[in-house]
Amino acid sequence: MILDLHTHSIKSDDGRAKVQNYCQWIKTREIPIDGFVLTEHRQFDNESDYRELAREFGITILKGSEVETEYGHVLVFGVTEALQRAFDFSDIHLPLAKVVEACEKHGAVPAPCHPGRPRVGMHAHLETFGVPDGVRIVEVYNGGSRDSEDEIAQAMAEELGYLGIGGSDAHIVSHVGRCATRFPMDIHSESELVEALRAGDFEAITNRQ
Amino acid sequence: MTINSISEVEFGAELPVFEPDTGLANVKRFVVAAGWNGPRFTDHEAARKEGLPGALVPGILSQGYLAAMIHRWAPEALIQNVDTVFRAPLIVDEPCSISGVVTDIDEEAGRVEIDLTITNAKGETRVFGTAEVKLPA
Amino acid sequence: MSETLDIDSIRTNFLNQDYDERHFELTPQQIVDYAEACGETAPRYTDPGHPDFQAPPTFASSFQPGKRLPDGFPKLPGLGMDAGKAVSPKAPMRPGVPLVGRTHLHDVYAKTGRSGRMTFMVTRMEVYDPDQLLLATADTRIVIRERPAKDAS
């Protein structure tokens, strides 16, 4: 099963993609992914229900978040109400340690995204803040990153023993699926995604030309 | 190939790539017409003194490029909305390339949605956005 | 320590209130220069003799309010740059027609990006003709990059 683990819709302030249009695009253009995760900036979208859309298109549509910490941006998978009470998703100065601790306590998985980018990527902050505890997974393929930034992410992951995921970071429809993550099992819910990430059996892939 | 009606548009169709004129003389012409004349856009040295990498192509010009690209593809298109996000500056005298792709068609409403991307010579995305366009039946 | 804007206070005190009104009138040559510089080739934008001659649909984005920000707005803590524009043309804009643009602060929020903490402000100008027909709305997203302490002057 291949999922794009990092996408944005119009719910994100700089997102311009409607979720239905992502689905149409994936099917009509035969984008080689089975689904995607909406990781909206600084929020979890509690109100949208994409189950009907997912059934209609035969695509897995899951929800997560992208939050902001002193180490840069972090994807969060397995967001629950309890996790949302544990810290303020809209805070742009979250301590990564707090995010990691809250995820561990509430059954979620954090994954620093585009870690090779300046300022918003984890690698740029290692010298200042040190290697953070509790990080196991980072995004090593990001569809919006420069090749050199992904290389930094991959080198860091190898050096620090992190597992790597892939995501498009799509903000417009036509960018979905540029990078993704391959899992050996079927995933149709956030809890199954969390279980799969925790199992550690996955591979980041890139579909970029 | 130009489009004259919505029935000619296919989902996923790519608009002809447009390589606009980012040369200094053209940018100067634009900023004077738009009332945006200023050294940030017309003088590389002055722009660098402001901490910029060079004279900038103003965001409104890149938006204008997107509209022009749409009209080159569909001369009778009525643009309803162009929404652009500026990720990084376009620099005057540096070439760029604009691509567009149709991401939604509502034939009943006569409306098409287009994803638009402006990339520099290194293939880095500088501007992205979407447009909603009405086409004749 | 760098200065930051109080987002909540700005939203309470300034959002959705018209703070500027400015008048514009376009000339045919202005429209032609603008259109051709953008790469427009359609004669309705490039030929003043065309029966439907009008400004290209993004022209409203170029209209600048007389005041960039409302009176009493806090001092910006850094350089303001254009982060994006959205324009929705509603009706043709013709040369020689007096236009009025009314501007309000539409949204304000903060986020981190490649260059650090940034505050985004969205101002919206609504452009009307003398009959108060809405011709276009034009949104400008301004990003203010917070100066780090060592760069603050």
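Which residue is the bridge partner of Leu3(A) in β2(A)? The partner is Gly35(A).

This is a predicted model, in which local features need pLDDT of at least 70, side-chain atom pairs count only at pLDDT 80 or more, and totals for chains, interfaces and linings use all residues. Residues are numbered from 1 along each chain as its sequence is written, and chains are lettered from A and ligands numbered from 1 in the order in which they are written.

Helices (H or I, at least four residues) and strands (E, at least two) are DSSP runs, numbered from the N terminus. Two strands pair if DSSP finds at least two bridges between them. Two of the strand pairs are listed here.

| Strands | Sense | Bridges |
|---|---|---|
| β1(A) 2-7, β2(A) 35-41 | parallel | three bridges |
| β1(B), β2(C) 80-89 | antiparallel | four bridges |

In chain A, seven strands form an open sheet with mixed pairing, in the order β5-β4-β3-β2-β1-β8-β9. β5 (109-112) and β9 (203-206) of chain A each have a single partner strand, so one side of each lacks a neighbour in the sheet.

Chains B and C meet through 30 residues of chain B and 23 residues of chain C, where contact means C-beta atoms, placed from the backbone, within 7 Å. On the side of chain B that touches chain C, α4(B) gives the largest share, 10 residues. Across the B and C chains, Val82(B) stands opposite Val87(C) in β2(C).

Terms used:
Contact = placed C-beta atoms within 7 Å.
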